[in-house]
Amino acid sequence: MPTPMNRREFLIRSGLMGVGAMSIPAILSACGASDTASDTTGGSPGRSLYFENWPAYIDEETVKLFMAATGIEMKYTEAYNDNNEYFAKVQPLLAKGDKADPDLIAPTFWMASRYVKLGWAQKLPLDKIPNAANLRPDLKNPAWDPNGEFSLPWQTGIAGIAYNTKITGREIKGMADLFAPEFKGKIGMLTEMRDTMGLILMGEGKNIETISTFDEAAVGFEKLEKAKSDGQIRSFTGNDYMDDLNAGNFAACVAWSGDVVQLSRDNPDIKFVIPEEGGTSWYDTMIWLTGSENSDAVAQWINWCYDPVNAARITAFVAYMSPVAGVKDELVKLGGDAAAIAESPLLFPDEATLSRLQTWGPLSEDEEAKFDEAFAKITGA
Amino acid sequence: MGAPPAVTRKPDAVGLGVMTGLGVGMVALGAGWVSGPWAVLVAVAMLTVLVLLVWAGVGGGLEVRRAIAPYGLLKPGILWLSLFFLAPLWTMAVMSLSSKKSRFDFFPSFTWDWSNYSRALTDFAPQFGRSFLYAGIATVLTICIGYPLAYAVAFRGGRLRNVLMGLIVVPFFTSYLIRTLAWGNLLADAGPVVAALEAIRLDGPLNWLGIMDNGRLLNTPTAVIGGLTYNFLPFMVLPLYVSLEKIDPRLVDAAQDLYSSAAGAFRKVVLPLSLPGVFAGSLLVFIPAAGDFVNAQFLGNPGTTMIGNSIQDQFLRQLNYPLASAMSFVLMIIISVAVLLYSRYLDTEDLV
Amino acid sequence: MSAATSTRQRLGRRAVNTVAGLGLLYVFLPIIVIVVFSFNDPVGKFNIEWQGFTLKHWADPFAEPELTRALWVSLRIAAVATVCATVLGSLIAVSLSRYDFRGRNGVNLFLVIPLTAPEIVLGSSLATLFIDRGVDFGYTTVIIAHIGFQVSFVAVTVRARIRGFDWTLEHAAMDLGATPMRAFWSITFPLILPGIAAAALLSFALSIDDFIITFFNAGSLLTFPLQIFGASRVKIPPQINVLATMLLMVSVSLMALGAAFGARRRKRHGVVAG
């Protein structure tokens, strides 16, 4: 027997539910935009800052000191794990002309040049960054940013070979050692194509600064492919090579200088060497993403980091080469461990060492695609 | 299943038709078959149908309501799945036939570009092969490990059955990634498993068999398959247990009373009755294992990558959405065909 | 002869028990590692080698702010997604087991398909849809993705739980003068509730632990598994082990609670709903 209750029950069950489901597309498109807003830091525009950086790339004090000194609300996260992966994350937003969450990121130079080329980076407010004058002269005006308006480097470093003496039982000298049969299955390579291929190509006697086509580099890819199919290479890793090196799973691997300096403090068996054939030098550089309006905060932050006193504190922790001139003197003033770092040839290389380092030149879009594709095929992904 | 209420045929057909129609409408809106004013039109039409339906339910008799009620209950869930399961499949199919105008063209256009499929099937044939091989071996291994476990709990567990079953399942409530990473620690070159194998001199034979590679376990195919086996074990044990638990132990006694040996009783009574569990478990292990990339990433080497790694890499690193979509589609089709063939042997209701 | 048989049987029984015991050990092996290393006192950055016993990570399990934030993100997502999916899925389950109607088998099949598609296909296809439609990745997309796989799961689980349910109880109540609404809420609902609660709990656990589907649809949002994935490339702080152990303990107590609750219900009502 139909009752009013019955009617309501029916209404609720089929009517409302159906209508509710109908409005999902509307909700879907409406929610998207509000999502990001809730994630960014609060505060008035210009007084807040969000910097997404690589992991373990800053000391614990700098951000706190900066916030206390300037009153700027700063969010600092370490979710930048991989150049390509991060690009894939922000690309849907930036390609649409929307704003990504962070104001600042620090991609490796070749990736930074991609952001600039795509028009996804803003010109830095250099007039409000007087300390930019402290930039090391050799880093000024790179080919992809000829006027130095889009980028200021965060840290610079060397890619070379790290090894665990407990496993190798001997000193490692050059690239030939990485391909030595005695280390079969105990060798690690980086997923960062330019560092892995750079070292291999230099090992083959190539100059990577002048390589501009895939054909010139093909010999290196063949060498890597063969090593992979022979089972020489245990795995391709990001920063996690340090785990494997420390645990003894890797005898030796392609590695970044600062990481190894940090690691060898805890484990003296770990050594870093620039291969006799030479190593690559690279830099991660700060760029200001389009859509961000926090120009003041960005300027104050970069200015803060380019003050040699603050730069020295960061260097003492991360153990990479600082892009800021005058850091060495500040480290000596700090004394203790920091002063010891000031003597490290990996942080402050002499002319002879510098002459053994090379940096990749620019690759055209199509050539870069060939490199990436060939590399992806070898890494097996 | 309760007694089916008497229904008049007509509203039944109307209910089904309306639900299907709304589902299709949902897919149309989601996948972008219609756009602009047409989308508004479709949305308005769908709303009108719903309102009419409600009105019919309110105005019509109890019979009408009874007939439409099941569809009313189904509708929210079904429409949700239409929008977020069917529509994405359609978009993915379109994407897999699209091509990029340049490397950084993030909105590929539809061009009937079949080359994505030929690349997926040629360049990534080894990864497809490995995925199905590893998933297949892992499935067999989960049966070998899971069957005694489920059997012991079902027939020997007594009153502790539920507790024991809980014990088996509980470890899988820790994070999947952490479990896999923990296996990385266990299997490391200087880790406990390798040390134990060396202590009992098993490393030689295992090397010879190719299970260990040069005295190593981590970053070998063995580790990847081992990881898959471990991580998907509960999906085998649970359905196996459910089917074994249903077996009346008196059947086994009866078989033995009739002079069947214990093994014979197992083979002739228990095994056949537990086969549905084996079938269901195999599907539940094989499917996720074939699409997995976590184990190959954490425990494998460059020569053990599976198709999941490739899809993930193409989608999230190389940004080649068309190629990644084509690979996903091929994977889904192969698995669907396998499942269809397989499910001829079992009722879908027995899954899970 | 009979003595020989019984010896053989005893041997067989022992063999099965041994194998099962070994299986149980195998299942717990990595868990032991996780729990033990939550008490490790690593000297450097790495929590790989045993260095010494400490309680300090347990004293301060939320010492890693990013990890804690990610855990909250996951809990929030799981809560919202589970509520939605439980409602949608239970309605489907009730409809499927209570009524016989045209298209029932079709709906059954439709429900199973998402469960048989590999996660990577579900994740990448949904991400393709979002990219194609210009939807920004974040909370909403992850919640939608989670509800997607949970709905089928809840529907199938609840349906299995209430398969034997006697729907005539409801009719009896109505014969005694209850309105259909009342009959449903006071008779049917309490009886099928344990099944729904169990399905909700499991799908909550699935949501918290989901990695593959989330990986494709999170954008820059970091859930707990995504944070672990990020950390796995640098250093795994011991707090990860602590939080994982805590999550494990919570799920164990929930399960124990559920079991105790179920046992008591069965005793009191003498009705088996599941």
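The model is predicted, so local features need pLDDT of at least 70 and side-chain atom pairs count only at pLDDT 80 or more, while totals for chains, interfaces and linings use all residues. Residues are numbered from 1 along each chain as its sequence is written, and chains are lettered from A and ligands numbered from 1 in the order in which they are written.

**Stop 1: chains A and B**

Select chains A and B. Their contact takes 43 residues from chain B and 40 residues from chain A. Two residues are in contact if their C-beta atoms, placed from the backbone, lie within 7 Å. On the chain B side, colour helices H1 (9–31), H2 (37–59), H3 (62–96) and H14 (307–316), which each give two or more residues. H3(B) gives the most, with 11 residues. Helices here are DSSP runs (H or I, at least four residues), numbered from the N terminus. By class, this side of chain B has 24 nonpolar, 11 polar and eight charged residues. Ala, Val, Leu, Ile, Met, Phe, Trp, Tyr, Cys and Pro count as nonpolar, Asp, Glu, Lys and Arg as charged, and the others, Gly among them, as polar.

**Stop 2: chains B and C**

The contact takes 79 residues from chain C and 73 residues from chain B. Elements giving two or more residues on the chain C side include helices H1 (2–37), H3 (65–98) and H6 (139–161). H1(C) gives the most to this side, with 17 residues. The classes on this side of chain C are 53 nonpolar, 18 polar and eight charged.

**Stop 3**

**Stop 4: domains of chain B**

Return to chain B. Select domain 1 (9–96) and domain 2 (119–350); the bounds come from an automatic or database domain assignment. Their centres, taken over C-alpha atoms, are separated by 39 Å. The contact takes four residues from domain 1 and six residues from domain 2.

**Stop 5: A:Ser264**

Finish on A:Ser264, in helix H11 (residues 257–266) of chain A. A:Ser264 counts as partly exposed because it has 16 C-beta neighbours inside 10 Å; 20 or more would be buried, 12 or fewer exposed, with C-beta atoms placed from the backbone. Not counting residues up to four places away in sequence, A:Ser264 touches A:Ile270 and A:Lys271.
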